[in-house]
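Good morning, everyone. Please have a look at the chain on the screen, and follow along as I point out some side chains.

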Amino acid sequence: MTDRPVVLFLCTHNAGRSVAGRVLLDHYADGRIEVLSAGSAPGDAINPAVAQVLAVRGLDASNELPKPISDEAARAADVIVTMGCGDACPVYPGVRYLDWELADPGGLPVAAVRPIVDDIDRRVRALLAELITPA
């Protein structure tokens, strides 16, 4: 692992779960981790309910855009967190994989998305604690 670890969040559409993971870890890491996200079949836009749940927490997802997995990003990652993309997510030797089983927030109302984002938040904080040791 490099001095500044790279974490790549992957889900199918890169519109909800992986975006929440990227935004949350980027916020908590405060520049100490490079955080990326992508999807195996990117959607057209960020899930508005996910964006709203993040906004209530003071986090802005308005600059996020669904994007496809790139070979370059996957090979640069120290950790790849898969979130429901199944066999469509690539496997790269030498990269640590975490598979977070999470409900798909697609089409769900904000009240149903909030617990999914809360779960991602808990997992992101635990990952951050593993990757960044206190000074």
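Let's start with one pair. Arg96 and Glu130 form a salt bridge, and their closest N and O atoms are 2.6 Å apart. This pair links distant parts of the chain. Arg96 sits in strand β4, while Glu130 sits in helix α4, which covers residues 110–131. The two residues are 34 apart. Keep in mind that this is a predicted model.

How accessible are these two partners? Arg96 has a relative accessibility of 32%, so it counts as partly exposed. Glu130 is at 48%, so that residue counts as partly exposed too.

How many salt bridges are there by this rule? The count comes to seven. I will take two others from that count.

Stay in helix α4 for the next one. Asp121 and Arg125 meet through their side chains in a salt bridge, 2.7 Å from N to O. Why are they separated by about one helical turn? Because they are four residues apart in helix α4. Now, buried or partly exposed: which is Asp121? Asp121 is buried, because its relative accessibility is 6% and the limit for buried is under 20%. Arg125, at 47%, counts as partly exposed. Salt bridges with shared partners join Arg57, Asp118, Asp121 and Arg125 into one network.

Next, helix α3, residues 71–76. Here Asp71 forms a salt bridge with Arg75. The closest N and O atoms are 2.9 Å apart. Asp71 and Arg75 are four residues apart in this helix, so about one helical turn separates them. Asp71 is partly exposed, at 40% relative accessibility. Arg75 is exposed: its relative accessible area is 55%, and exposed means over 50%.

Last stop: a cysteine. Where is Cys89 found? It is in the loop between β3, residues 79–82, and β4, residues 96–99. Is Cys89 buried or exposed? It is buried, because its relative accessible area is 9%, and the limit is under 20%. What does Cys89 touch, leaving out residues up to four places away in sequence? Leu10, Ile69 and Thr82. Now look for Cys11. Cys89 and Cys11 are 78 residues apart in sequence. In space, they are 7.9 Å apart, C-alpha to C-alpha.

To recap: Arg96 and Glu130 link distant parts of the chain. Asp121 and Arg125 belong to a network with Arg57 and Asp118. And Cys89 is buried. Thank you.

Methods:
Residues numbered from 1 in each chain as written. Predicted model: local features only at pLDDT ≥ 70, side-chain atom pairs only at ≥ 80, totals over all residues. Heavy atoms only, no water. Buried < 20%, exposed > 50% of the residue type's maximum accessible area, 1.4 Å probe, protein only. Contact = heavy atoms within 4.5 Å. Salt bridge = Lys/Arg side-chain N within 4 Å of Asp/Glu carboxyl O.
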